[in-house]
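Here's a quick tour for anyone meeting this structure for the first time. Have a look at it, then read on.

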Amino acid sequence: MNLTFLEYPKCSTCKKAKNFLEDNGLAFDDRHIVEKNPTEKELKKWIKLSGQPIKKFFNTSGIKYRELELKDKLPTMTDEEQIKLLSTDGMLVKRPLVISKDFVLIGFKEEQWKEALL
């Protein structure tokens, strides 16, 4: 299984998720979500593959999300505008993300990851 793991290394949830991958012997390409934030093209592909609404890809507990008052703004934005915004800053994107050719995992929920990856 070819996996890409997007993380913010200082994030404690990302550390737990990375440990889960390593402890279970899963090979992955590691990507720093801020240094190499997702592109619009990637996000469109991942959102479709995930089967989740775009809002699930926003880091709603992040400082940037609150600073930009996105709770109030997102409902009035188009899908294209939301994806464009997500692609501008990795700190706006929910993390960690695991991307495979068949699925996308958003955030770390151990049971969900076990089911998808093991």
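A residue is called buried under 20% relative accessible area, exposed over 50%, and partly exposed in between, using a 1.4 Å probe and protein chains only. At 71% relative accessibility, K41 therefore counts as exposed. Keep in mind that this is a predicted model, where local features need pLDDT of at least 70, side-chain atom pairs count only at pLDDT 80 or more, and totals for chains, interfaces and linings use all residues. Residues are numbered from 1 along each chain as its sequence is written, and side-chain values use heavy atoms, leaving out hydrogens and water.

**Lysines on the outside**

- K41 sits in helix 2; helices here are DSSP runs of H or I with at least four residues, strands are runs of E with at least two, and both are numbered from the N terminus.
- Between K41 and K84 there are 9.5 Å in space, C-alpha to C-alpha, although they are 43 residues apart in sequence.
- A patch of positive charge on the surface brings together K55, K56, K94 and K109.
- To be in a patch, a residue needs over 30% relative accessible area and no salt bridge, and like charges are joined within 9 Å.
- A salt bridge, for its part, is a side-chain nitrogen of Lys or Arg within 4 Å of a carboxyl oxygen of Asp or Glu.
- Lys and Arg count as positive, and the place of a Lys charge is taken as NZ.
- K55 lies in the loop between helix 2 (40-50) and helix 3 (63-67), and K55 is exposed, with a relative accessible area of 56%.

**Aromatic rings**

- Searching the whole structure turns up five aromatic pairs.
- One of them is F20 with W113, an edge-to-face pair at 6.0 Å centre to centre, with 80° between the planes.
- That pair ties together distant parts of the chain, 93 residues apart: F20 in helix 1 (residues 12-23) and W113 in helix 6 (residues 110-117).
- Rings of Phe, Tyr and Trp (its six-membered ring) pair if their centres lie within 6.5 Å; planes over 60 degrees apart count as edge-to-face, under 30 as stacked and the rest as tilted.
- F20 is buried at a relative accessible area of 6%, and W113 is buried too, at 0%.
- Ring pairs also join F20, F108 and W113 into a cluster.

- From R95 to P96 the peptide bond is cis, with omega near -5°.
- P96 belongs to the loop between helix 5 (79-86) and strand 3 (97-99).
- E69 isn't a glycine, yet has a positive phi of about 55°.
- You'll find E69 in the loop between helix 3 and helix 4 (70-73).

Definitions and conventions
Patch = residues over 30% accessible without salt bridge, like charges linked within 9 Å, V, L, I, M, F, W, Y side chains within 5 Å. Areas by Shrake-Rupley, 256 points an atom, 1.4 Å probe, with all protein chains shown as cover.
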